[in-house]
Amino acid sequence: MGKLTISRNDPVAVVTMNSPENRNALSTDVLVELADALDSLDADPEVRAIVLTGGPALFASGADVRQLRDIAPVEYAASARGTSWRRIGALDTVLVAAVAGYALGGGCELALAADLVVAADTAVFGQPEVKLGLVPGAGGTQRWARVAGRYAAAGVVLTGRTVDAFEARELGLVHRIVPAERLVPAAMALAGEIAANGPLAVTAARAAVRRAEELPLSAALEFERQQLLLMLTSDDHVEGITALLDKRPPRFTGQ
Amino acid sequence: MTVARISVSAQELRAAEGDAVLIAAPGVRYSPEVASFVRRLASLPLPTVAVVSGQCDASALAVLASVSLGFVTDDVVVSVDARTVLALGLTSALPAALGGTRARGLLFAESVDATGLRACGLAQSGDAEDAVKRLARPSAALVVRSLRVAARSTPDQARLYDAELPA
């Protein structure tokens with residue numbers, strides 16, 4: 001795990017991208033390593049939320065443009081980049097992005113792939129691909145549109161301009177802004193708050209929220225209803241309601 | 001405690017190190033360099049004190065509105081021209097700093113002197129050197145950061161940010 005460090009404070013895991021020499025560029029190797037690490041944590045039942053960060057100074061500057069300059073379309077299509085992005089997008093575990101400094105191109109798309117984004121007041125988001133004669137290729141056009149609306153997305157994606165943490169919060173991308181030096185602890189606290197809820201319920205609610213990006217409303221509402229019916233068969237919902245009535249913290253088992 | 005002493009120069013501001021920055025702004029007039037300086041001032045996480053003097057255009061108002069505390073010398077005269085006002089975004093920056101009524105009083109004046117700048121609150125009374133010494137401490141830097149965030153946040157969002165600032 002050369003370009004990443006992983007720390008565990010169960011039920012929260014923190015994955016830190018750690019190649020400041022190239023501003024955490026998302027080379028193919030790094031993307032594969034990241035997808036491997038996230039998959040591994042996703043498969044671990046002790047991990048209920050993952051914080052993904054580049055530390056208190058920068059998040060990720062996007063693809064390694066040198067790799068993209070001379071690559072043929074066929075070669076790109078066959079590379080592990082696309083598979084890695086799909087694996088990152090298919091996680092079941094809650095992913096909290098903790099963003100400081102630049103999150104550009106693929107870095108911004110990585111933040112957009114998260115469930116929640118905690119940003120330092122230094123964070124800067126953007127999709128500058130059009131300035132390089134390219135387009136975002138890992139969800140930038142689609143997720144910006146779903147997060148912020150089509151016109152706001154066009155403002156970001158078609159001009160290549162950057163938005164700071166405050167504008168990103170207004171657009172709906174950023175959940176909370178914190179001082180850079182408290183970024184990771186604050187993201188971990190948020191992840192811990194989520195992880196303290198019923199694990200089955202969090203997974204089901206997350207899946208339902210994600211369906212909002214994929215399904216028509218009627219189908220998404222049906223999916224939500226099915227998730228509720230499923231939860232009504234769980235021990236966790238009995239424990240959650242009993243704990244509320246007993247005025248004590250719940251002890252969820254994930255059953 | 002160290003105070004960086006600079007002029008109205010974006011390059012000097014980028015290189016400024018210390019606990020606070022004291023800015024000498026004699027005869028400040030609009031240029032792209034001044035505009036860049038003012039933008040950077042607004043995002044600097046350090047206390048800043050400016051002393052504006054002499055014959056200035058509306059750029060002086062932008063400098064005074066962007067620093068933590070602004071001072072003027074008795075000889076200052078600021079001519080307020082629409083082109084500079086618009087170029088520096090003063091129709092939003094001044095109401096945010098002073099409130100709408102006072103801002104309009106400045107924006108529709110042809111020129112403003114030291115008395116007027118102090119009376120509207122854009123310039124402080126007292127000694128700039130004393131002020132910069134007072135501000136060159138970590139707690140003042142925290143207030144500067146909090147103010148910067150509060151300007152673009154709801155009260156609840158600002159309180160959440162403040163709760164994470166180091167004590």
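Analyst: Contact means heavy atoms within 4.5 Å, and by that rule the contact takes 13 residues from chain A and eleven from chain B. This is a predicted model, in which local features need pLDDT of at least 70 and side-chain atom pairs count only at pLDDT 80 or more, while totals for chains, interfaces and linings use all residues. Residues are numbered from 1 along each chain as its sequence is written, chains are lettered from A and ligands numbered from 1 in the order written, and side-chain values use heavy atoms, without hydrogens and water.

User: What makes A:Asp164 and B:Arg152 a salt bridge?

Analyst: The closest N and O atoms of A:Asp164 and B:Arg152 are 2.5 Å apart, and the rule asks for a side-chain nitrogen of Lys or Arg within 4 Å of a carboxyl oxygen of Asp or Glu, so the pair qualifies. Across the interface of chain A and chain B, the rule finds five salt bridges.

User: Which residues of chain A lose the most area to chain B?

Analyst: Chains A and B bury about 1,100 Å² between them, 43% of it on carbon and sulfur atoms, where buried area is the accessible area (1.4 Å probe) lost on being put together, summed over both parts. On the chain A side, A:Phe166, A:Arg169 and A:Arg176 lose the most, together 42% of what that side buries.

User: Why are α10(A) and α11(A) called roughly antiparallel?

Analyst: Helix α10 (residues 199-211) and helix α11 (residues 217-231) of chain A pack at an angle of about 175°, with their axes 9 Å apart. Angles under 35 degrees count as roughly parallel, over 145 as roughly antiparallel, 65 to 115 as roughly perpendicular and the rest as oblique, and α10(A) and α11(A) are therefore roughly antiparallel.

Conventions. Axes fitted to C-alpha atoms, helices over the stretch in contact; angles between N-to-C directions. Helix = DSSP H or I, 4+ residues; strand = E, 2+ residues; numbered from the N terminus. Buried area = accessible area lost by both parts, 1.4 Å probe.
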